[in-house]
Amino acid sequence: MFDASPADTRIQDFSACVEQTHVTWLMDSGMFNRKTWTHARKARGIECVRKMGYEFHIPQAEYHEDAGRLTISFQIENRGVAPFYHAWPIELALLSNEQTEAAPQKTNETLLHILPGAPPKGIQLGIDVSACSPGSHKILLRVPNPLPGAAPVRFANRSQDQDLAGWITLGTVQIR
């Protein structure tokens, strides 16, 4: 199925199948068959597999702090082909200039119902920052995997892991 021109006419177009079924993951037991394996076939396979699953992106975020409360408004879109099937909570945190986490908070928001091809979903969350030290803080977001040692959801933004592994940086706020 990853050959440039498959000889078997029963082979369906992989990309069309992914689009129709909205798959997150598939297993291909023949990908690394030594008799048919080539660098070109592997490259086509990797490119096709990248089209599976979900691809979350945050196109914009706004925030403001007032009287010890930080309000964060952002949008999330799913540029992939599959929905996210688990109600893992979104978490927010602040990162001070000293690179220490401050005010990590689990929210009631999840990635459920952020469907492929749908308009971005607007979310507004608040964090109590009254105990944070004054100064510049980075606003971080993540969706941790509840399995011990498992990787969190990664976002398709350049600011993913920019300031802290596993977190996307939404911006910088001045805490008074």
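## Salt bridges

How many salt bridges does the structure hold? There are 7 of them, a salt bridge being a side-chain nitrogen of Lys or Arg within 4 Å of a carboxyl oxygen of Asp or Glu. Before going on, note that this is a predicted model, where local features need pLDDT of at least 70, side-chain atom pairs count only at pLDDT 80 or more, and totals for chains, interfaces and linings use all residues. Residues are numbered from 1 along each chain as its sequence is written, and side-chain values use heavy atoms, with hydrogens and water left out.

One of the salt bridges joins Glu65 and Arg176, with the closest N and O atoms 3.3 Å apart. Glu65 sits in strand E1 and Arg176 in the segment after strand E7 (168-175), so this pair ties together parts that are 111 residues apart in sequence. Helices (H or I, at least four residues) and strands (E, at least two) are DSSP runs, numbered from the N terminus. Glu65 is buried at 10% relative accessibility, while Arg176 is exposed at 69%. Here buried means under 20% relative accessible area, exposed means over 50%, and partly exposed is in between (1.4 Å probe, protein chains only).

Asp8 and Arg10 also meet through their side chains, at 2.7 Å from N to O. Asp8 is partly exposed at 30%, and Arg10 is exposed at 70%.

You'll find Asp161 in the loop between E6 and E7, partly exposed with a relative accessible area of 28%.

Ala67 belongs to the loop between E1 and E2 and counts as exposed, with 75% relative accessibility.

## Aromatic rings

A search of the whole structure turns up 5 aromatic pairs. Rings of Phe, Tyr and Trp (its six-membered ring) pair if their centres lie within 6.5 Å; planes under 30 degrees apart count as stacked, over 60 as edge-to-face and the rest as tilted. Take Tyr54 and Phe84: their ring centres are 4.9 Å apart and their planes are at 85°, so the pair is edge-to-face. This pair links distant parts of the chain, 30 residues apart, with Tyr54 in the loop between H2 and strand E1 (56-66) and Phe84 in the loop between strand E2 (69-78) and strand E3 (91-96).

Phe84 is buried, at 4% relative accessible area, whereas Tyr54 is partly exposed, at 31%. Ring pairs also join Tyr54 and Phe84 with Phe56, Trp88 and Phe155 in a cluster.

## The nonpolar cores

In soluble globular proteins, nonpolar side chains tend to be buried together. A nonpolar core is a set of buried Ala, Val, Leu, Ile, Met, Phe, Trp, Tyr and Cys residues joined through side-chain atoms within 4.5 Å. The largest one here has 27 residues, and Ile76, Leu111 and Leu141 have the most contacts inside it. The elements giving two or more residues to this core are E1, E2, E3, E5, strand E6 (135-142) and E7. Apart from it lies another core, of 7 residues, including Phe2, Phe14, Val18 and Val81.

## Helix H2 and its buried face

Helix H2 (residues 39-49) has Arg41, Gly45 and Cys48 as its buried residues. Seen down the axis of H2, these fall within an arc of 65°, so they line one face of the helix; the arc is that of the directions from the helix axis to the C-beta atoms. The buried residues of H2 pack against helix H1 (14-21).

## A buried threonine in a loop

Thr110 is in the loop between strand E4 (101-106) and strand E5 (121-128). Is Thr110 buried or exposed? Thr110 is buried, with a relative accessible area of 15%. Its side chain reaches the backbone nitrogen of Leu112 at 3.2 Å. Leaving out residues up to four places away in sequence, Thr110 touches Ala87, Trp88, Pro89, Ile90 and Lys121.

Methods. Polar contact = N/O pair within 3.5 Å; in protein donor to acceptor, adjacent residues only side chain to side chain. Contact = heavy atoms within 4.5 Å.
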